[in-house]
Structures are given as structure tokens and as C-alpha cells.
Amino acid sequence: MPLNVSILKTRSLTAAVFVVVMLAGLLWNPWSFLVLFTVIHFGCWVEYQKIMVLIDKDYAGISTLHRYSVMIAGWCFLLYVANGNLQLPGLPLHVIGWWGCFGFLCLLVLGEIVQYRTLNIKNIGRSALGLLYISLPLALLTWLRTKFYGSPFTFSDRVPVIMIIGSIWINDTMAYIVGSLIGRTPLSAISPKKTWEGTIGGILLAIGVMGGIGALAGGDWNPFAPGHWMAVAGICAVIGTLGDLLESKMKRMAGIKDSGSIMPGHGGFLDRFDSLLVATPFAWCYLAWVIG
């Protein structure tokens, strides 16, 4: 596949703005992180529900209470897993998150019973899948971002999330460039533009670059050895590629090209964060084991 300079310029410009916004939210403080991922969470949910309606027309019939309660319940789960030091005046976020999650899930069930006099298990299942696909991974990122809040190691509360997101960014970028330059063998019929050459190149370069960053990072703010950076990069690159294919399959079933249009050259929220959503639980398991 030849390298399209015009597309690359559009993607690069959009990506530059995206990186600035992401880094500001990630690195400033836990509150900026929560604001950033609140926007991402609801953006992903809006697109997910749109896709589900296109795949299954019955899902369009969910009540308004169902539609928004499941989103808010998922967001409350992000608050629930946050560090207990984070609180609004006199009330820790994890307490707000617990009661909010419980309350909005109850409203969801109540709304279905009141409107339809029964529970549509299939529609509830699609919403539950959204909680697993979107809310759970973003909650695990919140756990990683806030766990070290207040740590004596400067900057260490940012490192785990940087490892995950950095690995995915490098893999996506390098896979696109390598695939554009030397890609010949299609990876999957689900996403014809992806090639084995690009995929393998992206994975190897992500592991190498992240290992180098881990080696160069100062020990006073980096609590992880280079081998852990490389392991996280490998997990995120491989599983993230599967996440990309999963979202491509969903879009193909829905008959659409992009999940949204918020980012020129990159599509919507799900298009941008599909790899992150699927890779995060696996990277979290590894990092939680290392931290433990």
C-alpha cells in the first residue's frame, strides 16, 4: 500500500493536537485525568450505542432512562476505583462512585420494567457488554493513574498510564508507516488495509522504543525496570491490534466506515481508543502483579 502523503499530513496534524490534549489531561493532575477520561468515556458510549442500534434495531427501543443510566453508572465506576485521597468537599470520590453506580443501575432496571413491563435480556446484555468494553478498561486506567497519588516518588503516579498509552501510540503510528512503506500481506479480511509487515513492525518498534524510554528514564520518578516497559509494550501492541480488529468487525456489522467524525483522519472516539479499551485490562493485570 503506497504512502499517501496527504492523508499522512492530515493524520499527523490531528494527532499532534490530540497528543497535546491527551498529555495535558494525563500529566497535569488526577483531576485533569478524570475530566479527560470522562469526555472519552461518554464519547465512546454515544458511538457504541449508535453502532449497537445499527447492528440490532431492537436496541433502538431502549428507554431514555436505560440509555443514559448505563453510561452514568459506568462513569461512576471510574469514580469508585479512584484513590480515596481524591474527594469533593467532605466526600471521597469512591463513595460517590459506589452509590452512583448502584443507583443508576437500579434506575436502568426500573425504567425497563415501567416502560415495557418486562426486562429485555438481549438489550440489557448489549448494555452490559458496553460496560465491559468501555467502562471497565477506563476504570482500570483510573485505578492506575490515581493509585500512586501522593507517592513520594515524583511523577510515578503518571508512569503506568504513560506506559500503556505510549505503547499503543507508538505501535499504531509505526504499524501505519511500516505497512504503508513495505506492507504487502493483508493481516485480515476484517481490515484489508492492515498488513502483517506493518503489524509486526509496529509491535517490534513499540517494544524497542518503550524499552529505551524505560532505560533512559530517571529512577527517582520511574519505578519500573526497562523489562517491564517492554513487557507492557508487547502486551499493548499485540492485544491492541486485536482490539482494532474487533472494532473494525463491529463497524462492518453496522455498515459504517468510522464510528464518528470528531478527529479528521482518525474517525471517532472508538476509532481512536479501540486498541486502548481492549489492551488495558491485560496490561492492568501485568502492572497490578508487578506493583503487588
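Lysine 251 forms a salt bridge with aspartate 271, with the closest N and O atoms 2.8 Å apart; a salt bridge is defined here as a side-chain nitrogen of Lys or Arg within 4 Å of a carboxyl oxygen of Asp or Glu. Lysine 251 belongs to helix H8 and aspartate 271 to helix H9, so the pair ties together parts that are 20 residues apart in sequence. Helices (H or I, at least four residues) and strands (E, at least two) are DSSP runs, numbered from the N terminus. Both lysine 251 and aspartate 271 are buried, where buried means under 20% relative accessible area, exposed over 50%, and partly exposed in between (1.4 Å probe, protein chains only).

The model is predicted: local features need pLDDT of at least 70, side-chain atom pairs count only at pLDDT 80 or more, and totals for chains, interfaces and linings use all residues. Residues are numbered from 1 along each chain as its sequence is written, and side-chain values use heavy atoms, with hydrogens and water left out.

Across the whole structure, 8 salt bridges are found. One of them joins the side chains of aspartate 244 and lysine 194, at 2.7 Å from N to O. Because aspartate 244 lies in helix H8 (residues 226-254) and lysine 194 in strand S4 (residues 191-195), this pair links parts that are 50 residues apart in sequence. Aspartate 244 has a relative accessibility of 15% and therefore counts as buried, whereas lysine 194, at 23%, counts as partly exposed. A further salt bridge is formed by the side chains of aspartate 258 and lysine 257, at 3.9 Å from N to O. Here aspartate 258 is partly exposed, with a relative accessible area of 31%, and lysine 257 is exposed, with a value of 66%. Salt bridges that share partners also join Asp56, Asp58, Lys122 and Arg126 into one network.

Helix packing was examined next. The axes of helix H2 (residues 30-55) and helix H9 (residues 269-291) come within 10 Å and cross at roughly 105°. Axes are lines fitted to C-alpha atoms, for helices over the stretch in contact, and angles run from 0 to 180 degrees between N-to-C directions. H2 and H9 are therefore roughly perpendicular to each other; angles under 35 degrees count as roughly parallel, over 145 as roughly antiparallel, 65 to 115 as roughly perpendicular and the rest as oblique. In H2, the residues that meet H9 include Phe37, Ile40, Glu47 and Ile51, and their partners in H9 include Phe269, Phe273 and Leu277. By class, this contact of H2 with H9 has 11 nonpolar, 1 polar and 1 charged residues. Ala, Val, Leu, Ile, Met, Phe, Trp, Tyr, Cys and Pro count as nonpolar, Asp, Glu, Lys and Arg as charged, and the others, Gly among them, as polar.

Helix H3 (residues 64-80) and helix H4 (residues 93-116) pack at an angle of about 160°, with their axes 7 Å apart. This angle makes H3 roughly antiparallel to H4. The contact of H3 with H4 has 15 nonpolar, 6 polar and 1 charged residues.

Two single residues complete the description. Threonine 199 is found in helix H7 (residues 196-216) and is buried, with a relative accessible area of 11%. Apart from neighbours within four places in sequence, threonine 199 is in contact (heavy atoms within 4.5 Å) with Asn171, Leu187 and Thr241. Isoleucine 121, found in helix H5 (residues 121-147), is exposed, with a relative accessible area of 63%.
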